[in-house]
Structures are given as structure tokens and as C-alpha cells.
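This report describes the fold of one protein chain and then turns to selected parts of it.

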Amino acid sequence: METHHHDHDSEAFLTPDHDHGPCAGSVIERAEKVCRERGVKLTTQRRAVLEALVANHKPAGAYDIIERLGAGGPPPAPISVYRALGFLTENGLAHRIERLNAFVACDGHHDAARPVVFLICETCGQVAEIAAAEIGIDLAGLSAKTGFVPHTAAIEISGLCSHCAGAAAA
């Protein structure tokens, strides 16, 4: 399962030959910058968990992360991984995909105060992340019309990515 942000010049979903090295580096750089700006620490453990999340773009559960971090050494304590995931999600550096009970690193290509939409491919497992406003979802308008005040907003939509839909049509 891969995660990628949508921009207007490219597909929302990654191609099979995508080189995720550059995006992994930019996620870590962004995390360092966000932590500096907020006066919080990107500890060794938090960085390791974020690196495990971004290593191959696959959404991962806490135990997947423990397994990744434990490869070649003693695994970290589950509580330390859960704490790191809590820190990363609270600071907008990762998102929890409820439907998958898994986490993805945030690529930061949306305003932290705005809701995101996760497009989850049922065939290949990729997850694309786009700002809700990009597809016309207006939560401010919803609040104005209904008086409902959302505290968190992430919309998860299952379906077929462009690559799998194309393959199915062929």
C-alpha cells in the first residue's frame, strides 16, 4: 500500500516504478522543520518510527512498525511506538487510516487545518492523500449550514486507483 499526495500535474496514485527515495527525504526534512517551529523534539524514537512509515510508502500498523524497527536488533517496546505514533499524528506528521487501522506518513501537501481525503485502492492497496478542498468538499460551509463543528476530519473512500481501474477495463 502506497501513499502519495495529489498534484494537478501528476496522477494521484504512484506508478509501479515510482522512486520514493526523494519523497522519503522530504517527509523527514518537513518533520524536522515542523518540530523546530513548534519547539518540540523529533527524538530518535519518533524519527525511527517516521522513517519506518515512509520507508516504502506502505500504511503500517504499530506491530508492522515494531517488526520493521526490530529487523536486525531488539524490537522497540510497543508503548514507545504507540507514543511516537501519537506524537506524529498530533503534530500532523502522520495520519491514521481508520479503515485499515494503520498509519501513513503525511507528505504535508495540504493545510494542516483542512480535512484530507484518503483514496484507498481495494486492489493494490495504495492510499492517495488529497486535500478535501481540492475536490470541492467544504467543511466550513457544512458548519455554516448546520452549526456542526468538526474536531477532526478525514474522509476515507474505497475504490480502484487509476492504474487498477485501467487494468480492469482492459
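A residue is called buried when its relative accessible area is under 20%, and exposed when that area is over 50%. C161 has a relative accessibility of 0% and therefore counts as buried. The model under discussion is a predicted one.

**Overall architecture**

The protein chain contains six helices and six strands. Read from the N terminus, its elements follow the order β-α-α-α-α-β-β-β-β-α-β-α. The chain has 170 residues, of which 37% are buried. Its accessible surface amounts to about 9,500 Å², and carbon and sulfur atoms account for 54% of that surface. When contacts between residues at least 6 apart in sequence are considered, 58% of them link residues at least 24 apart.

**Cysteines**

The structure has zero disulfides. C161 takes part in none: the nearest cysteine sulfur belongs to C164 and lies 3.7 Å away, whereas a disulfide requires the two sulfur atoms to be within 2.5 Å. C35 is another buried cysteine, as its relative accessible area is 3%.

| Residue | Relative accessible area |
|---|---|
| C161 | 0% |
| C35 | 3% |
| F87 | 7% |

**Helix α4 and F87**

Helix α4 covers residues 78-90 and includes F87.

The buried residues of α4 are V81, A84, L85, F87 and L88. Viewed down the axis of α4, these residues fall within an arc of 160°, and therefore they line one face of the helix. The spacing follows a general rule: an α-helix has 3.6 residues a turn, so residues three or four places apart point the same way. On the face of α4 turned away from the buried side are the exposed residues R83 and E90. Just after α4, G92 adopts a positive phi of about 70°.

F87 is buried, because its relative accessibility is 7%. Which residues does F87 contact, leaving aside its neighbours within four places in sequence? They are C35, V40, K41, L42, R46 and L93. L42 is 45 residues from F87 along the chain, and the C-alpha atoms of the two are separated by 9.1 Å.

Notes
Residues are numbered from 1 along each chain as its sequence is written. This is a predicted model: local features need pLDDT of at least 70, side-chain atom pairs count only at pLDDT 80 or more; totals for chains, interfaces and linings use all residues. Side-chain values use heavy atoms; hydrogens and water are left out. Helices (H or I, at least four residues) and strands (E, at least two) are DSSP runs, numbered from the N terminus. Buried means under 20% relative accessible area, exposed over 50%, partly exposed in between (1.4 Å probe, protein chains only). Contact means heavy atoms within 4.5 Å. Accessible areas come from the Shrake-Rupley method with a 1.4 Å probe; for residues, only the protein chains shown count as cover. The arc is that of the directions from the helix axis to the C-beta atoms.
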